[in-house]
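Here is a short walk through one protein model, written for someone who likes to check geometry for themselves. Please keep the viewer open while you read.

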Amino acid sequence: MSEAFDCAKCSESLYGRKYIQTDNGPYCVPCYDNTFANTCAECQQLIGHDSRELFYEDRHFHEGCFRCCRCQRSLADEPFTCQDSELLCNDCYCSAFSSQCSACGETVMPDADTGWRDIP
């Protein structure tokens with residue numbers, strides 16, 4: 001007789017079902033997500049096992065929810081800044097918090113080496 005092959009949480013049979021193996025035993029997919037998945041800081045939904053999860057300062061996000069709070073641009077592969085717990089792309093951060101040129105009104109962008117970019 002074969003040994004039982006059940007979910008470590010709900011004890012339902014895993015024969016013929018997708019499951020995820022952990023050190024504590026096998027879990028059916030719903031039990032695995034409910035037990036181990038983090039909650040997205042933006043949409044408040046669980047980040048399932050099959051989703052790309054991004055995190056910043058103890059906050060977890062779905063890839064699609066990790067966006068600039070002003071322009072909604074994805075920050076998944078972009079440099080960003082956090083200002084008062086809001087995530088901002090570099091363009092929005094500079095537009096909102098950088099100095100404006102008194103002659104032309106353009107945003108004065110910081111330079112990585114010197115801190116300021118010369119005006120041509």
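This is a predicted model: local features need pLDDT of at least 70, side-chain atom pairs count only at pLDDT 80 or more; totals for chains, interfaces and linings use all residues.

Two strands count as paired if DSSP finds at least two bridges between them. Strand β6 covers residues 86-89, and its pairing with β5 is antiparallel, over four bridges.

**The whole chain**

Stepping back, the protein has two helices and six strands. Read from the N terminus, the order of elements is β-β-α-β-β-β-β-α. The protein has 120 residues, and 25% of them count as buried. Its accessible surface is about 8,500 Å², with 46% of that belonging to carbon and sulfur atoms. How much of the contact set joins residues at least 24 apart? Among contacts between residues at least 6 apart in sequence, the share is 10%.

Helix α1 spans residues 29-36, and V29, C31 and D33 are buried in it. What do the buried residues of α1 pack against? Their partners are β1 (19-22) and β2 (25-28). The loop between those two strands, β1 and β2, holds N24. N24 is exposed because its relative accessible area is 58%, and the cut-off for that class is over 50%. The C-alpha atom of N24 lies 9.7 Å from that of K9, and the two residues are 15 apart along the chain.

**Aromatic pairs**

A pair of aromatic rings is described by the distance of the centres and the angle of the planes. The structure holds eight such pairs, and two of them are set out here.

| Pair | Centre to centre | Angle between planes | Arrangement |
|---|---|---|---|
| F5 and Y19 | 4.9 Å | 85° | edge-to-face |
| F66 and F80 | 5.2 Å | 90° | edge-to-face |

F5 is partly exposed, at a relative accessible area of 24%. Y19 is partly exposed too, with a value of 39%.

The pair of F66 and F80 also links distant parts of the chain, again 14 residues apart. F66 is in the loop between β4 (59-62) and β5 (80-83), while F80 is in strand β5 itself. Is F66 buried or exposed? With a relative accessible area of 4%, F66 is buried, since the limit for that class is under 20%. F80, at 27%, is partly exposed. Both rings belong to one aromatic cluster, formed by Y56, F61, F66 and F80.

**Positive phi elsewhere**

S11 is a residue other than glycine, yet its phi is positive, near 65°. You will find S11 in the segment before β1. Q72 is not a glycine either, and its phi is positive at about 65°. This residue, Q72, lies in the loop between β4 and β5. Its relative accessibility is 40%, so Q72 counts as partly exposed.

Methods
Residues are numbered from 1 along each chain as its sequence is written. Side-chain values use heavy atoms; hydrogens and water are left out. Buried means under 20% relative accessible area, exposed over 50%, partly exposed in between (1.4 Å probe, protein chains only). Contact means heavy atoms within 4.5 Å. Accessible areas come from the Shrake-Rupley method with a 1.4 Å probe; for residues, only the protein chains shown count as cover. Rings of Phe, Tyr and Trp (its six-membered ring) pair if their centres lie within 6.5 Å; planes under 30 degrees apart count as stacked, over 60 as edge-to-face and the rest as tilted.
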